[in-house]
Amino acid sequence: MLKFDDIDTAFEYVSSGNYGENEAWLSREKARVVMIFDEMITGAKPEVSKKELRTGDWIAIPHKKDLNLGNKLVFRFADEYVAEADMPRVERMFSRRGAYANWKDFLFERDLLQKWYDYYRHAEVHALKRWLNQEQVTYEDKDGTVVTPFNDEWLIRPATGEDAQAILDIYAPYIRDSAITFETEVPSLEEFRERIRHISAEYPFLIAMSGEKLAGYAYASRHAERAAYRYSVDTSVYIAPEFQRMGLGTELYGTLLNEAAYRGFYSAFAAVTLPNPGSVALHHAIGFREIGIFHNVGFKHGKWLDVLCLEMALRKYDIP
């Protein structure tokens, strides 16, 4: 089976040169990854002939420029980590030539360069996995999980009471086996159906379908009871294990936030039980920014737990 580490190494080789300079290919059928080196330099014959590469089931591994991360990622990072007073400088920087060299100098001055490298690398890996899914490549991830391709033309729609059992099937293991949710008892089907009805009356509650299977769900809910909080929401997203690491969380969460903004909500808040690097990365990718940690705020499975709080503006703060 193809291993993500091998694909990633080949991707970094392709991206280390100018666009079109280095080549690497993978074969789904043969479960192989090959990198094409200059025979004049290495003196070694290529593992696979160029004729075979272009006639078999070989797929060219992309250059990082093919993943279209671009300036959008820069401004997402800046929104999260750069001081507001520096934002005009960043905007001017990216309106001129040589922006990335100046950007790195700027980050070095602000002691943010390593954070940017880590942030960019995470986005790069996520985009590479998205590409693998589009190419219908099955592979073994770094932790040994087998990732199978899916049809990413998700059907995302509002949840109904008829979806309650399928949603609860996803949610119940999070209650029983993890601290991701602080709920400790699995609700009955009728109780959960009523919960969906109650939330949906005022807030978006969405599900994602892959064919006939419910792959994940996301919803917004009341942030706090006092009336002045009415334009803010808390958000949650849960993905079935077999559909994780495929980009569904980003797509479903993005749809939820757009729907919340359309309904007139201004701010979204999220809480992540620590440690949970996957969820933290998802929230960063969506555009949330960290605002603080509640230490030892929960107790579950015999442990005190910290919770990271994040926030995101959904729309311009005009007068509602």
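These legends accompany close-up views of a predicted model.

**View 1. Three strands form an open sheet in the order 2-1-3.** The pairing in this sheet is antiparallel. Strand 2 (32-36) and strand 3 (58-60) stand at the edges. Each has a single partner strand, so one side of each is left without a neighbour in the sheet. On average, neighbouring strands are turned by 25 degrees against each other, direction ignored.

View 2. Which residue of strand 2 is the bridge partner of E23? The partner is I36.

**View 3. A cis peptide bond links L274 to P275.** Omega of this bond is near 0 degrees. Most peptide bonds are trans. P275 lies in a loop. That loop connects strand 10 (267-274) with helix 11 (277-286).

**View 4. Helix 11 is mostly covered.** Of its 10 residues, 7 are buried. These are S279, V280, A281, L282, H283, H284 and I286. An α-helix has 3.6 residues a turn, so residues three or four places apart point the same way. G287 follows helix 11. The phi of G287 is positive, near 125 degrees.

**View 5. Q136 has a positive phi without being a glycine.** The value is near 60 degrees. Most residues other than glycine have a negative phi. Q136 is found in the loop between helix 7 (113-134) and strand 4 (139-140). Is Q136 buried, partly exposed or exposed? Q136 counts as partly exposed because its relative accessibility is 42%, and the partly exposed class spans the range between under 20% (buried) and over 50% (exposed).

**View 6. H301 has a positive phi in a loop between two strands.** Phi of H301 is about 55 degrees, although H301 is not a glycine. The loop runs between strand 11 (289-300) and strand 12 (303-313). The relative accessibility of H301 is 48%, so H301 counts as partly exposed.

How values were computed: Residues numbered from 1 in each chain as written. Predicted model: local features only at pLDDT ≥ 70, side-chain atom pairs only at ≥ 80, totals over all residues. Heavy atoms only, no water. Helix = DSSP H or I, 4+ residues; strand = E, 2+ residues; numbered from the N terminus. Buried < 20%, exposed > 50% of the residue type's maximum accessible area, 1.4 Å probe, protein only. Pairing = 2+ DSSP bridges. Axes fitted to C-alpha atoms, helices over the stretch in contact; angles between N-to-C directions.
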